[in-house]
Amino acid sequence: MILDIGESLPAVMVPTVRTERLILRGWTADDIPAYTRMALNPQMSRYTGSPSSEGAVWNMFALQIGHWALNGFGMWLAHERATGEFIGRAGLYREYGWPGLEAAWTIRPERWGEGFATEGGAAAIEYAFVGLRADRVISIIHPENAASIRVAGKLGMTLAEATERNGQPRHIYAISRPDWRPLSAGSR
């Protein structure tokens, strides 16, 4: 048998974004153990689905890498600049049938309340408006998730509509390009 191997498609290129305190970068297999520890914390699935095993985290990583390949944007893993410590994830998301380009954030519970969600969310929104030239960015948030609602407010997002996702109540917060202003470091 003689193989006829054609041209290779380019590898997925995920840009690294640096904020004041975060390094937002692509997904690697070396990050699976730290992400699994975060995902298995019961607080992580209170308002959203969270992978429940290392295998499920691996599948989610593959989905996130594929998201970048299909859309040219996606979620980043978030690490603290000062220490290199894994903090969570932040970025953009839009799967088939999604109601809009979503900015999303997930931070390890041990690091909640330190402004990392706001900083990562601000970077995602700036990337959407500046890098992708988006007209509108949304965040889909459970109506009882007061912390994420506060983050959305700090990012300039306002409640646009109430809806359901997978049979669960959700609120869609949104910001349009004309209403967007980059956050300063003191805005967290």
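Modeller: Let us take helix α3, whose 16 residues reach 21 Å from the first C-alpha to the last, close to the 22 Å expected at 1.5 Å a residue; that expected span is 1.5 Å times one less than the number of residues in the helix. Helices (H or I, at least four residues) and strands (E, at least two) are DSSP runs, numbered from the N terminus. This is a predicted model, in which local features need pLDDT of at least 70 and side-chain atom pairs count only at pLDDT 80 or more, while totals for chains, interfaces and linings use all residues. Residues are numbered from 1 along each chain as its sequence is written, and side-chain values use heavy atoms, with hydrogens and water left out.

The helix is mostly covered, with 12 of its 16 residues buried. Buried here means under 20% relative accessible area, exposed means over 50%, and partly exposed lies in between (1.4 Å probe, protein chains only). Among the buried residues of α3 are F116, E119, A123, I125 and F129.

In soluble globular proteins, nonpolar side chains tend to be buried together. A nonpolar core is a set of buried Ala, Val, Leu, Ile, Met, Phe, Trp, Tyr and Cys residues joined through side-chain atoms within 4.5 Å. The largest such core in this model has 46 residues, of which Y35 and I125 touch the most other members. Helix α3, spanning residues 116-131, gives the most to this core, with eight residues. Leaving out residues up to four places away in sequence, I125 touches A103, V137, L155, M157, I175 and W180, where contact means heavy atoms within 4.5 Å. There is also a second, separate core of six residues, which includes Y93, I138, I140 and I172. I140 is found in strand β6, residues 136-141, and is buried, with a relative accessible area of 14%. Beyond its neighbours up to four places away in sequence, I140 touches W98, P99, E102, R165, R170, H171 and I172.

Two of the buried helix residues, E119 and A123, also meet a residue from another part of the chain: T19 is in contact with L24, R81, E119 and A123, when neighbours within four places in sequence are set aside. T19 lies in the loop between β1 and β2, and T19 is itself buried, with a relative accessible area of 13%.

A salt bridge is a side-chain nitrogen of Lys or Arg within 4 Å of a carboxyl oxygen of Asp or Glu, and a search of the whole structure finds seven of them. R111 forms one with E80, the closest N and O atoms being 3.2 Å apart. This pair links distant parts of the chain, since R111 is in the loop between β5 and α3 whereas E80 is in strand β3, 31 residues away. Both partners are covered, R111 being buried at 11% relative accessible area and E80 being buried at 13%. R108 forms another salt bridge, with E85, and here the closest N and O atoms are 2.6 Å apart. R108 lies in the loop between β5 and α3 and E85 in the loop between β3 and β4, so the pair ties together parts that are 23 residues apart in sequence. R108 is buried, at 15% relative accessible area, whereas E85 is partly exposed, at 28%. E114 also pairs with R111, with 2.8 Å between the closest N and O atoms, and E114 counts as partly exposed at 34% relative accessibility. Taken together, E80, E85, R108, E110, R111 and E114 are linked in a network of salt bridges.

At the other end, just after α3, R133 takes a positive phi of about 60 degrees. Most residues other than glycine have a negative phi. R133 is found in the loop between α3 and β6 and is exposed, with a relative accessible area of 57%. N166 also has a positive phi without being a glycine, with a value near 50 degrees; N166 lies in the loop between β7 and β8 and counts as exposed at 79% relative accessibility.
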